[in-house]
Amino acid sequence: MNSFVLFFHKLGSPPYFYRFAGKWLPWLYAIALVAAAIGFYGALFTAPADYQQGDSFRIMYVHVPCAWMGLFAYLFMAANGFIALVWRIKLSETLAMASAPIGAAFTFITLVTGSLWGKPTWGTWWTWDARLTSELVLLFLYFGVIGLYHAIEDRRQAARAAAFLALIGIVNLPIVHYSVIWWNTLHQGQTVNLIGPSKIAPSMLWPLLTLAFATHVYFFASVFARTRVALLELESGKDWVRALLPATQASHD
Amino acid sequence: MKPGTTSAACAAVLRRDLMLVWRRRGDALNPLLFAIIVVACFPFALGPEAAVLERIAAGTIFVAVLLAMLLTLDALFRSDLEDGSLEQLVVSPHPLALLLGCKIFIHWLTTALPLIIVAPLLAQLLQLPAPVLPVLIIALALATPLLSLIGAVCVALTVGMRRSGMLLTLLVLPLIVPALIFGAGACNAAQNGFAYAAPLLWLAAWLVLSIIIAPLAAAAALKISLS
Amino acid sequence: MTDFFAMHGYAAYVWPAYALFAIVLLADAIAPALARRRILRELTGRLRRAASRKTP
């Protein structure tokens, strides 16, 4: 077994992951914060205003990274759900369930900022644009996963059921997306594409990529933080959790 | 058919479920009444002008049928869970997916088929143009099994819960959006004189995929819920 | 500077979008920290009760 595989095997053990995530957490938050600061500086100060949309296009810098993250979080959740169901790894169950609320938060931001962008661009707060509609369905899928997870008493069974639902969702997501595109072209003329096929200028692109990087790092920071909490709750009877508590150290002394 | 074989087990499940529905045939009419009432509400809300109703007819019938079926999904495994026969299905030596497939088929036969049969009546209430009616029937015939199949997977996930109605709706509706889009879309296309074969074929393709995958998924989901 | 905040007339759309991004993610960052404190307090209390039951 090479050291890389060995590392993943060790990472699967809750106490090891708890320490590992605890070590990385401050760094991840710091990197995300610095990258976001640089990205926002670029987005608000150095990027020139779009010649068609004026300054409203600056909403893109929060809208697009969040849209990417909404999908990325879903993929991460489904991949971990798959691992959890096939190999029954407890950590993967926890990781999958930890990424659901973050993904829902990102999708929610995407929807609201899309609406804020739509008002000056299209003249209405909401249009049934194919992308926005798909995002709405994605948000409902997230709500379904979170709702199912909280409706079942047994934590591990709840995680497995919700992970299974996430997997069903991932089979369904492409069908939903393409059906929405078909439906959209049937019912509406050309809508203004928010991100056109035209090349985006480098001075406009680098803040976007920086912010995408920041949101990815933030996603992992948040997943780590949530997973740590969930592991504490899940393993509350175990020795490694007890060793973390101040009271036991006092009683051992 | 030799007793103990898989086909005998399937036949037994089919017979038992049909008999259960037959003994409570009054309840089986409820989704029908529900769909008719929902459809009848629309003219009250929108006014009786034929032009308005005609325009929304196909979509309204689709939504009413889907909602009526959603109401019955909740009970798909309920009585089996309460009398313990669901566990018997899970531990039986026959493939669980096949047995669940039989149960799903009976669900479709007893709730969706009556709805499809009254669809002409619903269409008449909403002044749907007569040439669109065959398209509506075909679209419903393709979309309702999808709802039974996908719904069964979600029911299997929520089977142990006391109050699963709202949650079940939340789980099923996002997954069923394409059926609504393609089904009602085909009717609208036919109504406007466009080609409507493509959405129906898409529905059919999706149905074939679901017939194969959904019983397997429902079996896996049921094993998770009952573990 | 006022020009910058006005966003050439788009201020009402641009700033709420950025504010929402900041607020939602801030809430998302704080939630696990609060949950962690609550759980640690609960576990400590549970352990203390178990210990006090055993000692006398």
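Among the contacts in chain A between residues at least 6 apart in sequence, 79% join residues at least 24 apart. The model is predicted. Chain A has nine helices and zero strands, and 47% of its 253 residues count as buried. Two pairs of chains are in contact, and the pair formed by chains A and C shares the most contacts.

**Chain A**

- The order of elements along the sequence of chain A is α-α-α-α-α-α-α-α-α, in keeping with a count of nine helices and zero strands.
- Taken along the principal axes, the box filled by the C-alpha atoms of chain A is roughly 70 × 40 × 40 Å.

**Contact between chains A and C**

- Chain A contributes 33 residues to this contact, and chain C contributes 24 residues.
- On the side of chain A that touches chain C, at least two residues come from each of α4 (90–122), α7 (202–234), α8 (239–242) and α9 (246–252).
- Helix α4(A) provides the largest share of that side, with 10 residues.
- Sorted by class, the side of chain A that touches chain C comprises 19 nonpolar, seven polar and seven charged residues.

**Chains B and C**

- Chain B and chain C do not touch.
- The nearest C-alpha atoms of chain B and chain C are 23 Å apart.

**Nonpolar core**

- The largest nonpolar core contains 162 residues.
- The residues with the most contacts inside this core are A:L148, B:I61, B:L136 and B:V153.
- Helix α8 of chain B, residues 133–157, gives the most to this core, namely 16 residues.
- With its neighbours within four places in sequence left aside, B:L136 is in contact with B:A58, B:I61, B:A119, B:A123, B:L128 and B:C187.
- As general background, nonpolar side chains in soluble globular proteins tend to be buried together.

**Helix α4 of chain B**

- Helix α4 of chain B covers residues 50–73 and has 24 residues.
- From its first C-alpha to its last, α4 of chain B reaches 33 Å, which is close to the 34 Å expected at 1.5 Å a residue.

Definitions and conventions. Residues numbered from 1 in each chain as written. Chains lettered and ligands numbered in written order. Predicted model: local features only at pLDDT ≥ 70, side-chain atom pairs only at ≥ 80, totals over all residues. Helix = DSSP H or I, 4+ residues; strand = E, 2+ residues; numbered from the N terminus. Buried ≥ 20, exposed ≤ 12 C-beta atoms within 10 Å, placed from the backbone. Contact = placed C-beta atoms within 7 Å. Core = buried A, V, L, I, M, F, W, Y, C linked by C-beta atoms within 7 Å. Nonpolar A, V, L, I, M, F, W, Y, C, P; charged D, E, K, R; others polar. Expected span 1.5 Å × (residues − 1).
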